[in-house]
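Welcome, and please open the model in your viewer. We will go from one selection to the next and look at what is there.

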Amino acid sequence: MQIDLRTSWHIDKVEVPTRLVLAPMAGVSVQAFRRQGRRFGAGLVCSEMVSCAGIEHRNEKTLGYLRVASDEHPLAIQIFGSNPATMAEAARMVEAAGADLVDINFGCPVRKVTKTGAGATLLDDPDLACRIVSSVADAVDLPVSVKMRCGLKNGSRDCLSVGPQLVAAGASILTLHPRSAQQMYTGTADHTLTAELVSLVGVPVIASGDITSRARAQAVLATTGAAAVMVGRGAQGNPWALREIVDGDATEPSREEVVAELVLFIRETVRELGERRASGFLKKFYAWYLGRGRFPRPFKQELVVLDSTEEVERRLIAAAPGALPLIEQLEAELPSGDEVTLALPISAFGGG
Ligand SMILES: Cc1cc2nc3c(=O)[nH]c(=O)nc-3n(C[C@H](O)[C@H](O)[C@H](O)COP(=O)(O)O)c2cc1C
């Protein structure tokens with residue numbers, strides 16, 4: 001059965017135009033990544049996880065994660081934490097920022113997060129997990145989504161008992177990345193668990209894990225009954241994978257297109273993070289964009305050691321001068337000056 005990924009669906013009142021969701025990824029899902037994802041066919045994009053404690057303490061860097069641009073919608077902002085009241089407060093800020101969904105992270109396997117009782121650890125404490133979900137759902141008018149792993153230990157099927165409880169507590173949608181926290185990113189995502197979860201809950205389920213091609217997306221949608229697939233690592237430096245999955249357009253981008261997208265990404269990220277943070281943050285993206293046989297390896301290595309993003313941009317354009325008119329066209333198509341910064345109690349940029 002061929003499933004048309006270009007069909008829209010709903011999460012409560014929120015309409016999602018395609019069956020492809022761009023994954024939340026810490027250290028990756030900046031605004032430029034999300035806007036690009038929407039342009040290439042993602043029907044829903046997600047922020048990286050934002051600490052509810054950071055929001056509560058009005059941490060400047062954390063509040064920067066709450067900026068929403070008009071061409072990102074629909075957008076989920078993901079929060080993590082273990083205190084129901086603090087999570088509710090963070091959810092209210094997410095709503096004020098203009099997000100369409102508030103997403104709760106019950107999947108992060110990283111020790112720095114789990115040792116605070118947040119992320120995947122909550123799968124081991126369904127009562128607290130449910131209190132967090134109901135406290136967040138009571139605090140906002142937005143649909144609440146939960147993203148989770150299958151459990152903590154290898155072989156765990158805890159998602160199948162916890163998932164329906166989270167729905168009863170107020171979750172309007174679940175995303176399952178069916179690996180255990182212990183697995184981190186090793187092995188493969190077991191989407192038979194996704195199919196089981198779909199059969200147990202009356203809300204849409206998003207399937208996350210190892211979706212890297214249209215064939216895989218079609219197979220997972222058909223065999224699980226999931227409402228949508230989520231793509232993470234496959235889209236790193238490769239928005240064209242999203243187009244292939246949604247539209248079946250498998251045309252490889254030209255060097256000029258690759259350079260144009262990367263230059264736009266660099267410029268937008270510098271605007272968002274500032275030159276100092278952006279120049280370190282962007283290094284991994286150079287390898288992601290220029291790999292896959294698109295440019296020779298020494299060229300990538302050359303870029304990584306350059307001091308400023310301006311120099312990187314100059315080298316890129318020198319390598320593919322035909323990218324210039326494409327960059328101009330991409331910039332012209334971006335909505336300008338409409339980036340919404342929420343009415344923060346303390347400005348993210350004003351110091352306050
Ligand atoms: C670098 C990186 C950062 C991630 N950060 C988050 C995060 O902040 N929140 C979250 O729910 N999942 C996070 N994930 C998990 C992804 O959203 C996704 O579930 C996982 O990578 C499996 O999908 P994939 O095989 O398409 O990459 C992250 C994954 C990666 C690779």
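Two terms first: a residue is buried if it has under 20% relative accessible area, exposed if over 50%, and partly exposed in between (1.4 Å probe, protein chains only). Strands (E, at least two residues) and helices (H or I, at least four) are DSSP runs, numbered from the N terminus. This is a predicted model, in which local features need pLDDT of at least 70, side-chain atom pairs count only at pLDDT 80 or more, and totals for chains, interfaces and linings use all residues. Residues are numbered from 1 along each chain as its sequence is written, and side-chain values use heavy atoms, with hydrogens and water left out.

Start by selecting residues 144-151, strand β8: 8 of its 8 residues are buried.

Find V102, and look for its bridge partner V144 in β8.

From β8, the chain crosses through helix α7 (residues 158-169) to β9, a right-handed β-α-β crossover: with the strands pointing away from you, the path from the first strand over the helix to the second runs clockwise.

Stay on α7 and colour its buried residues: C159, L160, V162, G163, L166 and A169. Finish at G170, which follows α7 and has a positive phi, near 130°.

Notes
Two strands pair if DSSP finds at least two bridges between them.
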